[in-house]
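Good morning, everyone. Please look at the screen while I walk through one structure.

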Amino acid sequence: VQSVDGLDESEILEIIDHHNISSLTTKMPINFRNMTVGSTNTIIYSMYNESNISIPENIAGIMLSGIISDTLKFTSPTTTEYDKYVAYRLADISHINIDQYSNEMFKAGTTLKGKTISDIIQGDMKIYESNDKKIAISQVITLNSEDIIDRKNKYIKTLNEMKENRGYDVIL
């Protein structure tokens, strides 16, 4: 479940998401909005439009960043035509060139410099439970795959330690 720390101690008021729905219970009924799009920001754009609220330039830039990140600049299989449409609308509002901005964003976001192997593995890790099994899946996006290949054995050692210490049945 992709979630936040302390969720079990929180009162959930509303959920807006584009991920698959997992088992989640709430004390009271809540608003829940889930769409088959590549980014939650695409859904939020729709909500702004439905409420006839203009999106401020700085917020449009943040939302565009989320869509670019979630869809890997429209290359993810979860990307929809609506995600692309929304991204270009947000680019117009925020005065951002999607191609140039994406390149700068991915370059900055994929550097592994100064990060420990543990930090890299946990950077985008999701924990799932299925048939009483605890599964951890991590993904790393980098433009410098040689660094990972050069330290492959250290990555494997860290993954095995995490599996043992955290009680994962599977870790990838």
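Asn-52 follows α1, and its phi is positive, near 55 degrees. Before we go on, note that this is a predicted model.

Stay with α1 for a moment. Which of its residues are buried? They are Thr-40, Asn-41, Thr-42, Ile-43, Tyr-45 and Ser-46. And what covers them? The cover includes β1 (14-17), β2, α2 and α3 (81-94).

**Ser-39**

Now go to the other end of α1. Ser-39 sits in the loop between β2 (31-34) and α1 (40-50). Is Ser-39 buried or exposed? Its relative accessibility is 0%, so Ser-39 counts as buried. The cut-off for buried is under 20%.

What does the Ser-39 side chain reach? At the start of α1, a side-chain oxygen of Ser-39 comes to within 3.1 Å of the backbone nitrogen of Asn-41. The side chain of Ser-39 also makes a polar contact with the side chain of Asp-70, at 2.9 Å.

Which residues does Ser-39 touch, if we leave out those up to four places away in sequence? The list is His-18, Gly-66, Ile-67, Asp-70 and Asp-83.

**The largest pocket**

Next, the largest pocket. Its volume is about 960 Å³. How many residues line the largest pocket? The lining has 31 residues, and those nearest the centre are Ser-69, Asp-124, Lys-126, Gln-139 and Ile-141.

Which elements give two or more residues to this lining? They are α2 (57-71), α4 (98-109), α5 (117-122), β3 (125-130) and β4 (133-138). Of these, α4 gives the most, with three residues.

**Salt bridges**

Two of the names nearest the pocket centre, Asp-124 and Lys-126, come back here. Asp-124 forms a salt bridge with Lys-126. The closest N and O atoms of that pair are 2.6 Å apart. How accessible are the partners? Asp-124 has a relative accessible area of 28%, so Asp-124 is partly exposed. Lys-126 has 15%, so Lys-126 is buried.

How many salt bridges does a search of the whole structure find? It finds seven. I will show two others, each inside a helix.

One is in α3. The side chains of Lys-84 and Glu-81 meet in a salt bridge, at 3.2 Å from N to O. Lys-84 and Glu-81 are three residues apart in α3, about one turn of the helix. Lys-84 is partly exposed, because its relative accessibility is 28%. Glu-81 is at 60%, so Glu-81 counts as exposed.

The other is in α7. Glu-161 forms a salt bridge with Lys-157, and the closest N and O atoms are 3.2 Å apart. Both residues lie in α7 (residues 152-166), four residues apart, about one turn of the helix. Glu-161 is partly exposed, because its relative accessible area is 37%. Lys-157 is at 54%, so Lys-157 counts as exposed.

**To recap**

Conventions
Residues numbered from 1 in each chain as written. Predicted model: local features only at pLDDT ≥ 70, side-chain atom pairs only at ≥ 80, totals over all residues. Heavy atoms only, no water. 1 Å grid on protein atoms, 1.4 Å probe; cavity = no way out; pocket = protein on both sides within 12 Å on 5 of 7 lines; lining within 4 Å. Points joined across faces, edges and corners; volume = space filled by probe spheres on them. Buried < 20%, exposed > 50% of the residue type's maximum accessible area, 1.4 Å probe, protein only. Polar contact = N/O pair within 3.5 Å; in protein donor to acceptor, adjacent residues only side chain to side chain. Contact = heavy atoms within 4.5 Å. Salt bridge = Lys/Arg side-chain N within 4 Å of Asp/Glu carboxyl O.
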